[in-house]
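The sequence and structure come first, and the description follows.

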Amino acid sequence: MEFSVPMALADFVPVVLFLAGAILLQRELYPRLGKGQFALFAAGTIDVFCAGALKAVYKLLYALGVCDFTKLNEMFFPVQSIGFLLAGLAMAAFLFYKPKKTTVCGVAAVPAVYSGTALFVSLMVVGLGLMDAGLIALAARAKRRAVIVLLAVSFVCSLCMGYLSSRDFSAAAMNWIAEGVNILGQGTFLAAAVLLRKAGKENASAA
């Protein structure tokens with residue numbers, strides 16, 4: 001598998017987009033979620049960001065000829081999948097459970113690194129689906145159809161990334177296709193977060 005420097009740098013773009021969207025959602029959800037729920041959501045989104053950042057760093061180090069630090073790449077699916085699962089569980093709890101004043105705080109843990117990806121892709125899809133379902137519920141309450149559409153596009157792009165992860169990435173064209181899909185997915189995620197945050201501010205000012 002070969003990475004060019006431009007391709008490695010492009011891998012940082014979806015990471016930054018996701019981070020920006022996650023921060024906006026954390027600020028929007030902080031007053032809405034229980035303490036334990038928010039802890040799960042924050043820990044989960046931080047895990048996802050770290051997974052993407054570590055993989056991007058791996059690609060850049062490899063492209064520059066510094067080293068082939070394969071553990072950074074191997075950590076990607078385990079860390080990302082547990083992150084999405086935590087964030088998804090937080091939103092599921094938000095939808096179906098009303099927290100009491102004192103709640104138990106969840107803690108994110110990095111699972112052991114395995115060579116297979118099917119399990120982690122499955123966990124990622126479940127977690128991301130739960131997270132997006134919770135965000136879509138918030139968008140529906142705020143009557144923001146555009147947010148629902150953007151989240152749906154982002155979810156489909158993530159499913160495509162799961163499929164592409166099982167393909168042969170020895171060809172540069174496959175890597176660029178994956179980069180484009182990932183950037184589109186995280187770009188629509190950020191756009192949804194911006195609109196959801198804006199809706200929250202408008203509702204707060206109206207109240």
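Helices α2 and α3 are roughly antiparallel to each other, because an angle over 145 degrees counts as such and their axes cross at roughly 170°. The model in which this pair is seen is a predicted one.

**Overall fold**

The protein chain holds eight helices and zero strands. Read from the N terminus, its elements run α-α-α-α-α-α-α-α. Of the 207 residues in the protein chain, 43% are buried. Among contacts between residues at least 6 apart in sequence, 80% join residues at least 24 apart.

**The α2 and α3 pair**

Two packed helices are described by the angle between their axes and the distance between the axes. For helix α2 (residues 12-29) and helix α3 (residues 35-63), the axes come within 9 Å. On the α2 side, the residues in contact are F12, V15, F18, L19, A22, L25, Q26 and L29. They meet F38, F41, A42, T45, I46, V48, F49, G52, A53, A56, V57 and L60 in α3. Sorted by class, this contact has 17 nonpolar residues, three polar residues and no charged residues.

The length of α3 can be checked against its residue count. At 1.5 Å a residue, its 29 residues should span 42 Å, and the end C-alpha atoms are 42 Å apart, so the two values agree. After α3 comes G65, whose phi is positive, near 75°.

**Helix α5**

The same check can be made for helix α5 (residues 76-96). Its 21 residues should span 30 Å at 1.5 Å a residue, which agrees with end C-alpha atoms 30 Å apart. Of these 21 residues, 16 are buried, so α5 is largely enclosed by the rest of the structure.

**Salt bridges**

Side chains of opposite charge can pair when their charged atoms come close. The count of salt bridges in the model comes to five. The table lists some of them.

| R32 | E28 | 2.8 Å |

E28 is buried, with a relative accessible area of 6%. R32 is partly exposed, at 36% relative accessibility, whereas R197 counts as buried at 16%.

Elsewhere, salt bridges that share partners join D11, K59 and E179 into one network.

L196 lies in helix α8 and counts as buried, at 5% relative accessibility. Leaving aside residues up to four places away in sequence, L196 touches L25, E28, L135, L138, A139 and V147.

Is S154 buried or exposed? S154 is buried, with a relative accessible area of 4%. This serine has its place in helix α7 (residues 145-164). Not counting residues up to four places away in sequence, S154 touches G185, T188 and F189.

K143 lies in the loop between α6 (118-141) and α7. At 72% relative accessibility, K143 counts as exposed. Most residues other than glycine have a negative phi. K143 is not a glycine, but has a positive phi of about 60°.

Methods. Residues are numbered from 1 along each chain as its sequence is written. This is a predicted model: local features need pLDDT of at least 70, side-chain atom pairs count only at pLDDT 80 or more; totals for chains, interfaces and linings use all residues. Side-chain values use heavy atoms; hydrogens and water are left out. Axes are lines fitted to C-alpha atoms, for helices over the stretch in contact, and angles run from 0 to 180 degrees between N-to-C directions. Helices (H or I, at least four residues) and strands (E, at least two) are DSSP runs, numbered from the N terminus. Angles under 35 degrees count as roughly parallel, over 145 as roughly antiparallel, 65 to 115 as roughly perpendicular and the rest as oblique. Contact means heavy atoms within 4.5 Å. Ala, Val, Leu, Ile, Met, Phe, Trp, Tyr, Cys and Pro count as nonpolar, Asp, Glu, Lys and Arg as charged, and the others, Gly among them, as polar. The expected span of a helix is 1.5 Å times one less than its number of residues. A salt bridge is a side-chain nitrogen of Lys or Arg within 4 Å of a carboxyl oxygen of Asp or Glu. Buried means under 20% relative accessible area, exposed over 50%, partly exposed in between (1.4 Å probe, protein chains only).
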